[in-house]
Amino acid sequence: SAAEKGGFDWFMRKEIYEQPRAVADTLLGRYDSDGALTLDEIRISEAELRQIDKIVVIACGTSFYAGLVAKYAIEHWTRIPCEVELASEFRYRDPIVGPTTLVVTISQSGETADTLMAIRHAREQKARVLAICNTNGSTIPRESDAVIYTHAGPEVGVASTKGFLTQLVACYLLGLYLAQVRGTKYGDEIATIMHELEQMPALIQQVLDGIQPVLDLASEFADEPSVLFLGRHVGYPVALEGALKLKELAYIHAEGFAAGELKHGPIALIDHQLPVFVVVPPQGRDMLHDKVISNIQEVRARGAKTVILVEEGDEEVTPYADVLIRLPRVSTLLQPLVATVPLQVFACELATRKGHDVDQPRNLAKSVTVE
Ligand code: AGP
């Protein structure tokens, strides 16, 4: 009913608007006044966490994309090698895991069969398994050694939204916690990142408050047969997520690419007026930002219609943007928390305009409990 949806047309839209609160709830109580991260639910001892020599993240769909973001953060902060693998591929290739491997599994529902089978396989190989999950008491956390609950509240829409953003937060918390335990980051560095994480609910709200241009864009693009999404670094998983949302809700062909891969093939797809969304990393010391600007110039020169997600105050890209979507200024690693939101809204709105059932897209189930 409309009341259950809090006055929104879809659970998905309601859940998109719940994200500031959901992210705040994921962060709640993790950080004490002495500036130490405490992840109470982790039942793996600090001594064991110091022995870990490899992390393998296993998940499906949107949760897999959260895992791709986690890899960038965890390796950067902890220097522990981190692989990310689709749960449906993991156990069929005789993966190398053992007692010093930390398997991190990400599942909103906690009931995804592919993921469950993968962690069972990992535990048979004696790996320690930590679940990032939104559903208390579900099967995956029950069969894991440890759990970080995301506390996003029930997610009803088949498309994951607040589930994804809170998974990202849990991954950041895990990365920082491991860095704290292993001493690869100092307390003040962790404090700086935690402080920025604590700003996120307000910044996500800011994105939602300025969402009207994205809604307008959805009506303009409702008849497009194909849309591309590009990003680099953590913007790459954001591009993949933007494309998945469009496929599952609007039934539009969409692809996410690492922008640097364009020249290795996908650039041949660029055609007159093809919509291409690009996530621009924050302006910083590294070359990433400028590389993405060149990628935008390349697709624009070949006729693409460019929709550019870029931080406020960055005007370098303006000459190459047909549409600008402004994002709050945040650090590179945390940018997915703000950059994903317009893409969720875009897919939700476009599917609405096309008359689709946004909460229950065709052929999909909320939790995929068969392999
Ligand atoms: C996301 O919008 C999808 N519906 C789907 O990819 C989902 O993320 C995937 O099935 C994994 O689900 P889980 O997080 O509940 O394990």
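Modeller: Ala, Val, Leu, Ile, Met, Phe, Trp, Tyr, Cys and Pro count as nonpolar, Asp, Glu, Lys and Arg as charged, and the others, Gly among them, as polar. On that basis the shell holds 10 polar, 4 nonpolar and 1 charged residues. The model is predicted: local features need pLDDT of at least 70, side-chain atom pairs count only at pLDDT 80 or more, and totals for chains, interfaces and linings use all residues. Numbering starts from 1 along each chain as its sequence is written.

Of the 15 residues around the ligand (C-beta atom, placed from the backbone, within 6 Å), those that come nearest are Gly61, Thr62, Ser107, Ser109 and Thr112. Helix α4 (residues 61-78) supplies the largest share of the shell, 3 residues. Helices (H or I, at least four residues) and strands (E, at least two) are DSSP runs, numbered from the N terminus.

As for the fold, 5 strands form an open sheet in the order β2-β1-β3-β4-β5, with parallel pairing (at least two DSSP bridges between two strands). Its edge strands, each pairing on one side only, are β2 (82-86) and β5 (146-149). On average, neighbouring strands are turned by 20° against each other, direction ignored; axes are lines fitted to C-alpha atoms, for helices over the stretch in contact, and angles run from 0 to 180 degrees between N-to-C directions. Within the sheet, β3 (residues 101-107) pairs with β4 (residues 128-133) over 6 bridges in the parallel sense. Ile106 stands opposite Ile132 in β4.
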